[in-house]
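Thank you all for making the time this morning. I would like to walk you through one model, so please have the sequence and the structure open while I talk.

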Amino acid sequence: MNTNRTLAELIEVIPDAAMVVNRNSEFVLVNRMLVDMFGYDKKRELLGQNLNMLLPEAVRSVHQNHVDSFFEHGENRPMGKGFKFVGQHKDGSNIYVEIMLSHVQFDDGPYAIAFVRDTTSLKLTEDKIRRELEHERALALTDHLTGLANRRSFVEELETDILELREHGWQFAVCFIDLDDFKHINDTQGHEVGDKVLQHVASVVKNGCRGSDLVARVGGDEFATIHPGATLEDALHVLERVRERLMHELADHNWPVTLSMGVCHCGDASMNYDVASILRAADAAMYQAKQQGKNQIKVAHVAASDSE
Ligand SMILES: Nc1nc2c(ncn2[C@@H]2O[C@H](COP(=O)(O)OP(=O)(O)OP(=O)(O)O)[C@@H](O)[C@H]2O)c(=O)[nH]1
């Protein structure tokens, strides 16, 4: 029996693209489906050539190492447990493939036979679904009016910061911000102007904070910030600057709105901080700022009864 010929006939009738290569990665046999899959016309364009021609430039130099190690001690890779690979079509585009690999022994030595499945459309569909999920998640965590993080995102970040303080002693400060007399803007200048004020406040608070700080809109005219790594003084310095800047800018726009802020600092890793106790403390401080005349910052301490 002429084994090569029998194999050549066999790989023409199977439903996958297939190739047989020698130790030097040269094509010894290829079927029609493989030729078509990679955009070639004739089998002879591939036969005798190095299989690198079906790979993107970037991986060519290392591919012979994979072939060598397969010939040395590689195990067969059956259907469903194959390698995922990026191939290169003749037109230069990428083809995502799964490759099932097997050793095959001919009279003149060992060869490898590979069955190749085009998984490009599956990969593109998976990528699209992943992008859509990421987009959905980003939307679910974003405040639509201002583009800031929303309350849910703020709470998630706060939970992370509480954990980091507990595990690594990484301090942070939290601030609650409520606009003063904002209702008056809506009532006298209209809701659309009110929206503009909220957007302006959002951008000034965001620009006034450090890049690593989180700025969120957590309610109608309520914002909140988290300042990871900050001392109380650091946070107060940033927030005082934001308060002053906004007071002047909003007045310049004829928007008589100011900010009341409540800040609390979490820096004791032995304290049993939780989201609720921190929010309560910051909210209480903000309330105190309102009661004592608005347009100011008050500091609160998280209740001692929350400590372990
Ligand atoms: N334009 C606009 N207004 C909003 C939005 N969400 C909430 N509001 C309004 O924000 C106002 C918030 O109410 P308050 O906090 O009681 O009003 P305030 O005048 O700031 O009162 P103080 O906080 O005591 O100074 C209400 O009039 C809401 O209708 C929004 O997305 N756009």
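This is a predicted model: local features need pLDDT of at least 70, side-chain atom pairs count only at pLDDT 80 or more; totals for chains, interfaces and linings use all residues.

Residues are numbered from 1 along each chain as its sequence is written.

Now to the helices; helices here are DSSP runs of H or I with at least four residues, strands are runs of E with at least two, and both are numbered from the N terminus. Helix 4, residues 120-140, has 21 residues and reaches 30 Å from its first C-alpha to its last, close to the 30 Å expected at 1.5 Å a residue, where the expected span is 1.5 Å times one less than the number of residues. For burial, I call a residue buried if 20 or more other C-beta atoms lie within 10 Å of its own, exposed if 12 or fewer, and partly exposed in between, with C-beta atoms placed from the backbone. By that count the number of buried residues among the 21 of helix 4 is zero, so helix 4 lies largely in the open.

Which residues of helix 5 are buried? They are S153, F154, L158, D161 and L165. These cover an arc of only 135° around the axis, which puts them on the same side of helix 5; the arc is that of the directions from the helix axis to the C-beta atoms. On the other side of helix 5, E159, L163 and E167 are exposed. What covers the buried residues of helix 5 includes strand 6, strand 7 (214-217), strand 8, strand 9 and helix 9 (275-291). Helix 5 is followed by G169, whose phi is positive, near 70°.

Helix 8, residues 232-252, can be read in a similar order. With 21 residues it should span 30 Å at 1.5 Å a residue, and the end C-alpha atoms of helix 8 are 30 Å apart, which agrees. Its buried residues are A235, V238, L239, V242, R243, L246 and L250. They cover an arc of only 140° around the axis, which puts them on the same side of helix 8. After helix 8 comes N254, with a positive phi near 60°.

Let me turn to the ligand. Of the 16 residues around the ligand, D180, F182, K183, G194 and G220 come nearest, where being near means that the C-beta atom, placed from the backbone, lies within 6 Å. Strand 6, helix 6 (182-189) and helix 7 are the elements that give two or more residues to this shell. By class, the shell holds four nonpolar, five polar and seven charged residues; Ala, Val, Leu, Ile, Met, Phe, Trp, Tyr, Cys and Pro count as nonpolar, Asp, Glu, Lys and Arg as charged, and the others, Gly among them, as polar.

Finally, some single residues. A173 is placed in strand 6 and is buried, with 27 other C-beta atoms within 10 Å. Leaving aside neighbours within four places in sequence, A173 is in contact with H227, A230, L232, A235, V263, C264 and H265, contact meaning C-beta atoms, placed from the backbone, within 7 Å. D283, found in helix 9, is partly exposed, with 17 other C-beta atoms within 10 Å. With neighbours within four places again left aside, D283 is in contact with F176 and G262.

K294 lies in the loop between helix 9 and strand 10, and has a positive phi of about 65° although it is not a glycine. N295 also has its place in the loop between helix 9 and strand 10, and its phi is near 50°, a positive value in a residue other than glycine.

Key: Two residues are in contact if their C-beta atoms, placed from the backbone, lie within 7 Å.
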